[in-house]
Amino acid sequence: MNWAGSILSGGGSVPAAKASAESWINMVNELQRGALSTRLGIPMIYGIDAVHGHNNAYKATIFPHNVGLGVCRDPRWGRCYESYSEDHKIVQAMTEIIPGLQGDLPANSRKGIPFVAGKTKVAACAKHFVGDGGTVKGIDENNTVIDLNGLLSIHMPAYLDSIRKGVSTVMVSYSSWNGKKMHASHDLVTGFLKDKIKFRGFVISDWQGIDKITDPPHSNYSYSVQAAIQAGIDMIMLPENFTEFVDELTFQCKKNIIPMSRIDDAVKRILRVKFVLGLFENPIADLSLVNQLGSQEHRELAREAVRRSLVLLKNGIDNRPLLPLPKKDTKILVAGSHADNLGYQCGGWTIEWQGLGGNDLTIGTTVLTAVRNSVDPSTQVLYSENPDANFVKSNKFSYAIVVVGEHPYTETFGDSLNLTIAEPGTSTITNVCGAVKCVVVIVSGRPVVIEPYVASIDALVAAWLPGTEGQGIADLLFGDYGFSGKLARTWFRTVDQLPMNVGDAHYDPLISVSFVGLLLLSACITVFAEAKYIKYKDPKQPIEARVDYLLRRMTLKEKIAQMAQVERTNLTGSVMKKYAIGSLLSAGGSVPRDNATAKDWVDTVNKFQKGSLSSRLGIPMIYGIDAVHGHNNVYKATIFPHNVGLGVTRDPELVKKIGAATALEVRATGIQYAFAPCIAVCRDPRWGRCYESYSEDPKIVQQLTEIVTGLQGDIPPNKPKGYPYLGGKTKVVACAKHYVGDGGTVNGINENNTVIDWQGLLKIHMPAYPDAIRMGVGTVMVSYSSYNGVKMHANHDLVTKYLKGTLGFKGIVISDYQGIDKLTSPPRVNYTYSVQASINAGLDMIMLPYNYTEFIDIMTSLVKKNVIPMSRIDDAVTRILRVKFAAGLFESPYADLSLADQIGCKEHRELAREAVRKSLVLLKNGKKPNKPVLPLPKKASRILVTGAHADDLGLQCGGWTISWQGQSGNNITTGTTILGGIKSAIDPRTKVTYKKNPTADFVKSKKFDYAIVVIGEPPFAETKGDNLNLTIPAPGPSTIKNVCGSVKCVVVIVAGRPLVVEPYLPSIDALVAAWLPGSEGQGLADVLYGDYGFTGKLARTWFKRVDQLPMNVGDSHYDPLFPFGFGLETRPVRRS
């Protein structure tokens, strides 16, 4: 081999009859060594028609047909079985085979660039470009007469999808478009395919495709070469006259008939694909994958494909269903030319180009063998290919299975103007079905004329061309699985109706597109068939297979109900059973009862779950809660510092441990889903949610997304990117929120507009989301805010295109609480619009949280009117089911009390105490540099502890604690106040006086050794926390003045953000930012008294005045009181 860029095996071209994998590899490698021995050693690429499995290879798995991207609009076409459907939307959906062949395209790949994911994948070929399925009268290689809009809307869409998925090559059609041969169509090949839709792989001709540019073929080969290359074809499937082609092309280049730029473009594309394939690194094949050829796993997959491809067209007469058939009976008949013929069953493109008849062409299971495998051993099975009526009557069969259809064919040989069943098929139907109860199975590459025989047939099944695994047909006939297939092409009455496709004015089918088949709705039959095996409940099945199987069984109403998340107070177990609601939540403060125990929570969750499992399909609900700094709704739970404090630690391992502890406590109450973490980047402390943000610096926020692995578990190294993961029953589904830009709103006003350019959004607010997705985060919650005026809850570009598309997120996108209501102003003024805009933007689950019947009704109406496409619903429900399967809810839907002792356990409280210590920032330590105040002495005569926040567990914990807004007091939950921590830390002989707001005279008169002043903000959440002045609330300033003017004082600020402290700073001896430390106030005393040193560094800038805001590190006007990263340190005190 001197220089050929590519070699192919045409249909039936094999190294030897029944060649082994080793024979194929030896042949390929021999040719490849020739290629590598050329001057530049450019490897060749070997092509083959693997159109329904590796159909040229002996013993390979042969899958059901329907592979090409052609949209077959006329079943008279001999290649109609190579088309998925007459409906371009189905063809588009099925381009998902390309990631199967080539691998999933990385999220950051450039559009149009080919991609192949390694040595277990192949370069795919989208074919035949374009309009091949629309030729006049379905004649192969004929003219497709249609306007440009029709071409674009019917025949073109799947090519755009294929290119988006990184398809490597596109093959041009033999056909013409409005009289112009596609192999010579510069406008479509170069102008549209390469230039308009940016295809960067190579364009290849069909077999001798350029020869057929002229009539007769090859009559002016110079013109054919010129026209094809100038049209934009890069590789020519000659397949024989290579020297003639090379000479002719060389001549035309030297004469400047074909410019060198055209040659260079073609070769660049070819080399690009070869490099992408890794051929330069791994040109020689080996035997490492030999065991994959016809493997059991692949045959089971093909068997599944057969089951799902069958369409039940008729089932019984007079409302008496025949299917499923009984396995145990006296005597049954199997008849028909296709019942025991593997070649007929596989069709064209099997071992030979035109296919073959017989059972020795390859390995597989015929329908007859499958029937014998399925029935009871006591059932007698007789086979007769074409019995006469007397034979049938005399044998007194219980029932008969008749398998008839078309003989194998390909391409032009399959063109048919009559579409009748091949003889003796019709006589077999007449003889058998006139004498006994019968099931007729049609094995054909398209609908055929059947109407004259339907009346005599008891049950009718379209089996198409099922391939080698005929057992899949028996699986359904005998009820091991149910029929679920829907027609993807119209079944006509008479051929004179053709072409006739759904939507045509003259549409009058025998059976229409999307005919569901008869789903065996008889309750006894369904229960019988499914009692044995329900695939979506089988944990051994892959998650995606379980999702797909369950999705196909769901009604529209059931799908929509999965998309609803409802507040528990609005539901009962019976409502869950009736509507099959997908998710519940406890909003802030929504509890089973005051001071509810773990048992109260578990009983509540299980009551709702029992209702869900009693619904038709038994899909478990998922229960969500705001566990944002521990399990903060639950009495006696450990309350960790809010994120504003954790950001100070810059300690990913610490937050991972906090996530794991939180998950245990949440699971202890039976809840499986936490609305955490918040990965907002707060750029203005006036925002009422700033304490939910780790930092103003996106890098710190990125670091601390490690909490996701604590909540969910460490994602396995081989887990595909973007897919949700949960590490067992001690973990919870996490939620990255609020997507995106929530921390950058104008003036820090909650739910306001974030005004920033695209690069700024990506640089500041987006970085933590790819990290969370990489960690397998299960859900992403959308922000109430807007981005440059577009509400995030209606932002298709950011939700669908970027989050789901570019970032490859495969989990659930959920709204915030009544988030879609707020798309209009005032909220809910046009709820129909809100539903439409949010769902079409890409939201999958809506936190309603009350009006579920209204939501379901509006959604149903919008889908039925095609305002919301069914594909959008299916995407949403696929994601919801994916998370539920990943969470193990189908295997373990009910909660128990096995983790009850985890709530507020000593280990978790010690972890929270550690987090408090590490989150504190020492802002001032002494009025003179060489005279530090901290650490304080434990032994003193008398000390004063003062301030509203010193002895108030609620103020210390902040918002989102027991109730939504939080509350003051020491009876809301259990924990240690700061005062309690101080009393525990000091020497027993030191007298501690606590007075919330003493006068200056009181302080002076008592002669205290020192005072600890603990003041700050009251609890708040969300909009109620927006604050344009950020002053210390009264009586805090007077407490500072009265105490620090009279005695040495340490001021501790308990707040969710920096506050105005500059006016008081001169009078303060030591100043500590404690943020919102949570339930373990002892952690503060640990550091004040030197058992541990101060180590925290500011994760957000401490401003001087609010008129400086927003002000973040790196800003040109940066002039802080304490800069980002500031924090004094102390060393632990050694005490004897």
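## An edge-to-face pair

W758 has a relative accessible area of 34%, which makes this residue partly exposed (buried is under 20%, exposed over 50%, and partly exposed in between, with a 1.4 Å probe and protein chains only).

The model is predicted: local features need pLDDT of at least 70 and side-chain atom pairs pLDDT 80 or more, while totals for chains, interfaces and linings use all residues. Residues are numbered from 1 along each chain as its sequence is written, and side-chain values use heavy atoms, without hydrogens and water.

## Ring pairs across the structure

The whole structure holds 19 aromatic pairs. Rings of Phe, Tyr and Trp (its six-membered ring) pair if their centres lie within 6.5 Å; planes under 30 degrees apart are stacked, over 60 edge-to-face, and the rest tilted.

F275 and F280 are stacked, 4.1 Å centre to centre with 15° between the planes. F275 is partly exposed at 48% relative accessibility, and F280 is also partly exposed, at 30%. For W758 and Y802, the ring centres are 5.3 Å apart and the planes stand at 85°, so this pair is edge-to-face.

Ring pairs also join Y536, Y549, F885 and F890 into a cluster.

## Charges over rings

A charge sits over a ring if NZ of Lys or CZ of Arg is within 6 Å of the ring centre and within 35 degrees of the ring normal. K331 lies over the face of F397, 5.8 Å from the ring centre. The charged end of R917 sits over the ring of Y1092, at 3.8 Å from its centre.
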